[in-house]
Every structure is written in C-alpha cells, then in structure tokens.
Amino acid sequence: MQIGPDTTSVLEYLDSSVEGGLRKRNDIGVLLELGAQNSLGDTFNSIVTTGTGLWKVYGILKRLKPGAEGYSTIEIEFGNLLNEIRELLAEVINDSEDEIVQRYDDIYFGMTQGVIRNLVDLAHDLAAIKNLQRND
C-alpha cells in the first residue's frame, strides 16, 4: 500500500513526539491511510479510543500481582478490549489488499502471546495519537 504524504507527515510527527518512537509505525500508517481513503473517521477514532483504553488497562495489569484484589476484573477488561480492537481493525482492513489482510491476520488476529504483545504495541501508538488529539 502506498502511504500518502499527509499520512507520512503525521507519522513523522508522532514518531518524533513519542518517547522511544512509534512501535508499529507501518501498521499505524496503513490504518491512517485506509481510514482516510475509505472515510472511516469514526471507526478510526473508535480504534484510537479502544487502543488507549487497552494501553491503560495493560499498564494497570502489569502493576498488579495475579490474585490481587481486582486483578481478575482488570484481566477480563483487558480481554474485552483485545477483542474489541480486533473487531475494529477487521472493519478497517476488510476491503483492502490481500497482503494487508494477510499481514494483519498474522500479526493481530492469532491466539499467541506474540499477537497480544503486537496488540499492546499498537495500543501504545494509538494512545500517542489520542494524546496528540487532546493537545490540539
């Protein structure tokens, strides 16, 4: 997929404003580009909101010890947000090129620890976008 100059500018700005840079820069670029091309602004905003929630819940989950009060509730919320972001990602990439669908299927829709880490990394980047939206 060809990433346009507007999306490239946004990615460069985000990459430079996030400590350590974006973790899933190319995938964020694809989402931004598909969102713009297909007029999916509302869906993209839902992805950003859900990703931000996922990033926050992940931070809480990391600090809690298994068995701690509230741990199971946070764990359930984490799983719910993982499923929600997957559904939203599927909606954005649904009509895109086969190679994009295959890449997202491999990276975000499997049932492995690696997939969860990839979704958390994507959530990190989406939280950065949400933070940028708040500052504008």
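Predicted model: local features only at pLDDT ≥ 70, side-chain atom pairs only at ≥ 80, totals over all residues.
The accessible surface of the protein chain amounts to about 7900 Å², and 46% of that surface belongs to carbon and sulfur atoms; such areas come from the Shrake-Rupley method with a 1.4 Å probe, and for residues only the protein chains shown count as cover. Residues are numbered from 1 along each chain as its sequence is written, and side-chain values use heavy atoms, with hydrogens and water left out.

Let me turn to the fold. The protein chain has 6 helices and 0 strands, helices (H or I, at least four residues) and strands (E, at least two) being DSSP runs numbered from the N terminus. The radius of gyration is 15 Å, close to the 14 Å that the globule rule gives for 136 residues, so the protein chain is as compact as a globular protein of that length. That radius is taken over C-alpha atoms, and the rule is 2.2 Å times the number of residues to the power 0.38. Along the principal axes, the C-alpha atoms fill a box of roughly 50 × 35 × 25 Å.

Of the 136 residues, 42% are buried, that is, under 20% relative accessible area, where exposed is over 50% and partly exposed lies in between (1.4 Å probe, protein chains only). Among contacts (heavy atoms within 4.5 Å) between residues at least 6 apart in sequence, 68% join residues at least 24 apart.

Next, the largest pocket. Its volume is about 200 Å³, a volume being the space filled by probe spheres set on grid points joined across faces, edges and corners. On a 1 Å grid over the protein atoms alone, a pocket is an open set of points where a 1.4 Å probe fits, with protein on both sides within 12 Å along at least five of seven lines; lining residues have an atom within 4 Å of a point. Which residues lie nearest the centre of the largest pocket? They are Met-1, Ile-3, Asn-26, Asp-27 and Val-30, out of 13 lining residues. α1 (5-17), α2 (25-37) and α5 (98-108) each supply at least two residues of the lining, and α2 gives the largest share, 5 residues.

Finally, two individual residues. Gln-2, in the segment before α1, counts as exposed because its relative accessibility is 69%. Ser-39, in the loop between α2 and α3 (41-63), has a positive phi near 55°.
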